[in-house]
Structures are given as structure tokens and as C-alpha cells.
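Hello,

Here is the structure I said I would pass on. Please open it first, then read the notes below.

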Amino acid sequence: MKFTVDGFPFTNIELQQYAIVAALITSGISTFINVAQFKIPFSEMVFKRPIYIGSGLLSVMGTSFTFLPIFEIAIRTMMMDGISGEDAYGKMLGTSMLCALLEVAFSLLPGKVLQRVFPPVVTAVTVTLLGIVLVGTGMKYWGGGVVCAEMIWKEHSQVVDSVGFGMPVSDVPSAICTGNGKVQLPYGSPEYIGLGFSVLCFLVVIELFGSTFMKNCNVILALLFGYFVAGVSNYDGEPYVNSQNIKDAPVVDFLWTQWFGIGLYAPAIVPMLIAYIVTTVETIGDVSATHEVSQLSTDTKEYTHRIQGSLMADAICSMLASVFTSMPNTTFSQNNGVISMTKCASRRAGYATGFWLIIMGVFAKIAGVITSIPDSVLGGMTIFLFANVFVSGISLFGKLNMKSRRIRFISSMSLAVGVGVTVWPWAFQDMRASSYTAAFWECGDCNEFMKGVRNGVSIFLSTGYCVGSVIAILLNLIIPEDPEGVVVDGSIHWSIIGNELNAKDVLEDIKDKKNEVDDDDFSEKAKSDEDDISVA
């Protein structure tokens, strides 16, 4: 909310603090719903089977990172068209409520259909791309802030005074970061990098010398350490921590003390639908993993009911989140790591978590503390936290049969486009403060309808996990299964490097394998190995 609804120069601290209050209270209420698991009355009469809301597991809910890039891009686009940040945020809340119906529909589908549409390869691609997107966001925070990171090109020597054919460059927004107390420096200043690095260093210290309890809460401990370092530091007498945020925060706050009119933003519908597909894939994987680490069988009706209930809870809680003026709530994958390390899978722990989330939201001084944390310190924490999402995606790839040519092709094609637009979204997305200028579809003179269509296409194509996930789903549906016996050998023959005798042995082995199958079915990797060794 700081970088979208508030807008440059991000001075509405009250609005930022309310966003934290709403997110904490919403997460607590959603956690209660998901942990409890309610059976929908008369569902057996309508669907011929019981329908549940909630997983009935120790499964904490929270504000989803998945929707953050879409909210940020869509609100920025609306503000470029003259819509206020508050109204734009309200339109996105209404859009989220509408699109959440898709996950309701998914929750009512038979398990076999879900497995066909969202197989493990799609889950792996989705989670990996989401991690990459979020790590990039964390890096922007680390260097000083999101907006100043995207405006850093203004500091280039060729455009400091002018751009293009002598046209002056606006100084709003600026490449100077304003989210680090009263210190204002350009993005990437060593002072900002050092503060974020202190968080990463403390994470290493905890991993080397910390107790099990400290390792379980290493992220929050490292964040507090970075906050402490920022608190005792200053730049030319100016503090990195703005204590006025804490003083100005009310003692008690609750939902709806700030209000945003619920509306609809049509260009964001398709990206938001895709985001709900992504959360569907994530939730199925998260609940399955929670089931396993809780030492519960996955071959029972209860497991099917929990998958169905968790998807319904995601949808219902995301709708409630919009009513509560907060972003969509979904199941958190961090549940699995905590259960695995603590050996506690009791639902009572889930109820306690929900209770404390609500308490922390009601006592708004906590939100005041959070808003006083410098962006660079948050960046040091979030880049590690988001990297865990990326690593989770890699671990999902490790469970796939990567010797399958079909799996490798689907993964490569979807990651090629998804990673590409994540690393460089400006092929389809307008630069900040430069609306309708992307050469892909400039649309500066378009009517309002075509601008809406154009913005929807731009958001979809420039959000890596959206376009990558759709490509993975489509390819999974149309690419046929591998013929029996066809595999891709991606291994490296380290033993033959620098050893001519071993190279000859491996060459003979490859030739023997080739004789066992038809040439058409022989793996391309094996052929390339034969050519390389022959040359050697």
C-alpha cells in the first residue's frame, strides 16, 4: 500500500499503519476459519457429497504475496489515468472479490480433474516464478525502496539534465529514497546496503550458533537486529528510524477506520483470475505437504475433504479480506517448515496463532513500529524470505522426472517466458510515471475501452508467474506423454574429463545403449555425448 495507494512521496503514515492493522486482523480471522473446518449445511443434498470450508489442519492464513505485483501495477496504471490511490485500491478490492469465485469453482471440482489441470510440473513452475518475482521486489527494498529503484535511471549522466530531444525530466517521482527515516539518499547507497546486509549476516549467525527455537523464528529475530542497528545509527545526524511513526500511531485500531469504495477494474480481471489459479496450485501443494509433515495419510477421504475445504477457505477468506479492506488471504507454505521443526501439528496452536494475530492488529502501536522500520532493513529480510519461496519451487522440480523430455520442454518453455518478463518487464509494461509508452502497444490516443484492454494485456504479459503459469498449463494439456523408453540424460560425466581411457569406456557404453533402442527414440543428449567424446 505504501508504494501504490499512498503515492509519492509516501507521507500518509496513517494509511500505511491501517493497512498493517487490517492485514493482521484479517489474517487472524481467516486462520480461525481454516483451522476449524466447517461443513456447509445441505451440501450433500446439492453436490451428493459434503462440502467444507477450512482444512481442519494447523494451517495459518495470511496476506498473499501472489497478488502484490498485480495490485501494484494496476493501481499505478489507474493513478496515471487520474484515479486517486484510495479509489484505485477500492476497485482492486472489488475485482478480487469477483475473481475469488474462480477458486470456489475449483474447490467443487473432483480431485482427478484438479490433478489433471494442475499437475506437479505446473506447481513447480508457478512457485519458482513467484519466488523470482518476489526476490526482485525484495532487492528493490534493500537498495532503499521500490519507487526510487525504478527511477534510478534519472541519475544516469546522460539524462540528469534532459531526456530525448531536450525535453526536461520531471523530478517526481525521484530517484532519492524516502522510506528510511529522515535519511534521503539515492537508491543503492552503501548506507542502505549495509543496513540490509546486517540482517543477512545475523541470519547466518543464528544458523551457525542459534538454538532450535531461534532457528524457527530466525527471520523475525534478524529483522529486529537490523532494526536495532538502524536505531543506533544515523547519517549526518539524521535517524534511519522515524520514531514519530510510533508516537502518532493510535493505541487501539480496528477494521473500517479507513474506507475504500468497492469498485471494479476490468483490465485486472484476467491477471487476477490467473493469480487465483496460482494460489489454487499453491494451496493444493501446501495442504498436501502439511498433511504429510503432520503424519496423516493422504489415501483417505479426509485428505480429499481437506484439499477441498482449504480451497474453499482460500476463496471465502479472500472475499472477506476485501470486505475487511485488506488484500486476499491464502494458506502459507511456511506452515510446513514450522510443523516439521517443532513437531507440533495441533490445531490448538493454530487457534492461538489466530488469536495473537488479531491482538497485534488491534493494538496499533505494533503497526507503528512496523512502519518505522527502514525499507533497506525490510529489504534485507524480505529478499531472504522470498528466496525461500524460490527454493521451494526448485525443490518441487527435484520431485519431478527431469529425464522426461516432455517435463523438460514444458518447464523450459514456461520458465523462458516467465523469467524473461520478470527480469525485464518493460517490453510490455510502461515505465513508472510514463503511461502508455511501451512500444509493444503505445495506445496513447486510444479510447477508454481500448486503454482498459491494453492495460489488461500489459499486466498479464509483464507479470512473470501469470504468463509462465498459463503457458505451463496449456502445454501440459496439449503435449503428449513421452514414448516409453525415451529419456534425456542430463548428467555430467565428470570421470572422463581429462582421462582419455575413461572417455573410450564411456563412448563404448553409449554405443551399447544406442544399439538397444531405435535411432528415433535415442536421446539427443546421448548422441551429443558421443560426438563430444569422439572429438576429444
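Ser55 counts as buried because its relative accessibility is 0%, and buried means under 20%. Please keep in mind that this is a predicted model. Ser55 sits in the loop that runs between β2 (52-53) and β3 (61-63). A polar atom of the Ser55 side chain lies 3.3 Å from the backbone nitrogen of Leu57. If neighbours within four places in sequence are left aside, Ser55 is in contact with Asn34, Gln37, Arg306, Gly309 and Ser310.

**Nonpolar cores**

In soluble globular proteins, nonpolar side chains tend to be buried together. Here the largest nonpolar core has 83 residues. Which residues have the most contacts inside this core? They are Ile70, Phe71, Met92, Met272 and Tyr465. Not counting residues up to four places away in sequence, Met272 touches Phe67, Ile70, Phe71, Met92, Thr95, Ser96 and Cys99. There is also a second, separate core of 19 residues, with Val183, Tyr192, Leu203 and Tyr227 among them.

**Cavities**

Searching the whole structure gives two cavities of 30 Å³ or more. The largest cavity has a volume of about 90 Å³. What classes of residue make up its lining? The lining has three nonpolar, four polar and three charged residues. Among the lining residues are Ile73, Arg76, Met80, Asp430 and Arg454. Two helices to look for are α4 (68-80) and α21 (448-462), each of which supplies at least two residues of the lining of the largest cavity.

Regards

Technical notes
Residues are numbered from 1 along each chain as its sequence is written. This is a predicted model: local features need pLDDT of at least 70, side-chain atom pairs count only at pLDDT 80 or more; totals for chains, interfaces and linings use all residues. Side-chain values use heavy atoms; hydrogens and water are left out. Helices (H or I, at least four residues) and strands (E, at least two) are DSSP runs, numbered from the N terminus. Buried means under 20% relative accessible area, exposed over 50%, partly exposed in between (1.4 Å probe, protein chains only). A polar contact is a pair of N or O atoms within 3.5 Å; within protein, one must be able to donate a hydrogen and the other to accept it, and residues adjacent in sequence count only if both atoms are side-chain atoms. Contact means heavy atoms within 4.5 Å. On a 1 Å grid over the protein atoms alone, a cavity is a set of points where a 1.4 Å probe fits but cannot get out, and a pocket is an open set with protein on both sides within 12 Å along at least five of seven lines; lining residues have an atom within 4 Å of a point. Grid points are joined across faces, edges and corners, and a volume is the space filled by probe spheres set on the points. Ala, Val, Leu, Ile, Met, Phe, Trp, Tyr, Cys and Pro count as nonpolar, Asp, Glu, Lys and Arg as charged, and the others, Gly among them, as polar. A nonpolar core is a set of buried Ala, Val, Leu, Ile, Met, Phe, Trp, Tyr and Cys residues joined through side-chain atoms within 4.5 Å.
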